[in-house]
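This briefing goes through one protein model by topic. Please view the sequence and the structure first.

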Amino acid sequence: MDKDIQDRIRQLIDEEHSLRGTPGAGSAERGTGRLGEVEAQLDQCWDLLRQRRAKREFGEDPDEASVRPADVVENYKE
């Protein structure tokens, strides 16, 4: 499962780079809307991966980790 999450992260990063490098990516239809979605999905994937690693580290079942809503993971303070 972790490999699947890591693969998804790579795909999203590639898409993010593509969107950022696309002329007109700031337009609502081609960039900002999709770019925001990609960034939110990346946050969710990283959060899920961190949850799984923490559960494994403390002897819990990593499969009990779940995707949290984007508005939750995007508002974390580092």
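Is Arg68 buried, exposed or partly exposed? Arg68 is partly exposed, with a relative accessible area of 31%; the class follows from the cut-offs, where buried means under 20% relative accessible area, exposed over 50% and partly exposed in between (1.4 Å probe, protein chains only). The model is predicted: local features need pLDDT of at least 70, side-chain atom pairs count only at pLDDT 80 or more, and totals for chains, interfaces and linings use all residues. Residues are numbered from 1 along each chain as its sequence is written, and side-chain values use heavy atoms, with hydrogens and water left out.

**Overall make-up**

- The protein chain has 3 helices and 0 strands, in the order α-α-α along the sequence; helices (H or I, at least four residues) and strands (E, at least two) are DSSP runs, numbered from the N terminus.
- Of the 78 residues in the protein chain, 29% are buried.
- The protein chain exposes about 5400 Å², of which carbon and sulfur atoms supply 49%; accessible areas come from the Shrake-Rupley method with a 1.4 Å probe, and for residues only the protein chains shown count as cover.
- Among contacts (heavy atoms within 4.5 Å) between residues at least 6 apart in sequence, 49% join residues at least 24 apart.

**Confidence**

- Mean pLDDT (the predictor's confidence in each residue, from 0 to 100) is 87 for the protein chain, and 85% of its residues reach 70 or more.
- Among the elements, H1 has the highest mean pLDDT (94) and H2 the lowest (87).

**Helix H1**

- H1 has 20 residues and reaches 29 Å from its first C-alpha to its last, close to the 28 Å expected at 1.5 Å a residue; the expected span is 1.5 Å times one less than the number of residues.
- The buried residues in H1 are Asp2, Ile5, Ile9, Leu12, Glu16 and Leu19. They lie on the same side of H1, because they cover an arc of only 105 degrees around the axis, taken from the directions from the helix axis to the C-beta atoms.
- An α-helix has 3.6 residues a turn, so residues three or four places apart point the same way.
- On the face turned away from the buried side, H1 carries the exposed residues Lys3, Asp4, Asp14, His17 and Gly21.
- Ser18, also in H1 (residues 2-21), is partly exposed at 43% relative accessibility. Its C-alpha is 9.7 Å from that of Leu35, 17 residues apart in sequence.

**Salt bridges**

- With a salt bridge taken as a side-chain nitrogen of Lys or Arg within 4 Å of a carboxyl oxygen of Asp or Glu, the count comes to 11.
- Glu15 pairs with Arg34, the closest N and O atoms being 2.6 Å apart. The pair links helix H1 (Glu15) to helix H2 (Arg34), 19 residues apart.
- Asp47 and Arg68 meet in a salt bridge at 2.9 Å, N to O. Asp47 is in helix H2 and Arg68 in the loop between H2 and helix H3 (70-73), so the pair ties together parts 21 residues apart in sequence. Asp47 is buried, with a relative accessible area of 3%.
- Asp63 and Arg52 form a salt bridge at 3.0 Å, N to O. Arg52 is buried at 5% relative accessibility, whereas Asp63 is exposed at 54%.
- A network of salt bridges links Asp2, Arg52, Arg56 and Asp63.

**Gln51**

- Gln51 lies in helix H2 (residues 28-57) and is buried at 14% relative accessibility.
- Beyond its neighbours within four places in sequence, Gln51 is in contact with Ala65, Ser66 and Arg68.
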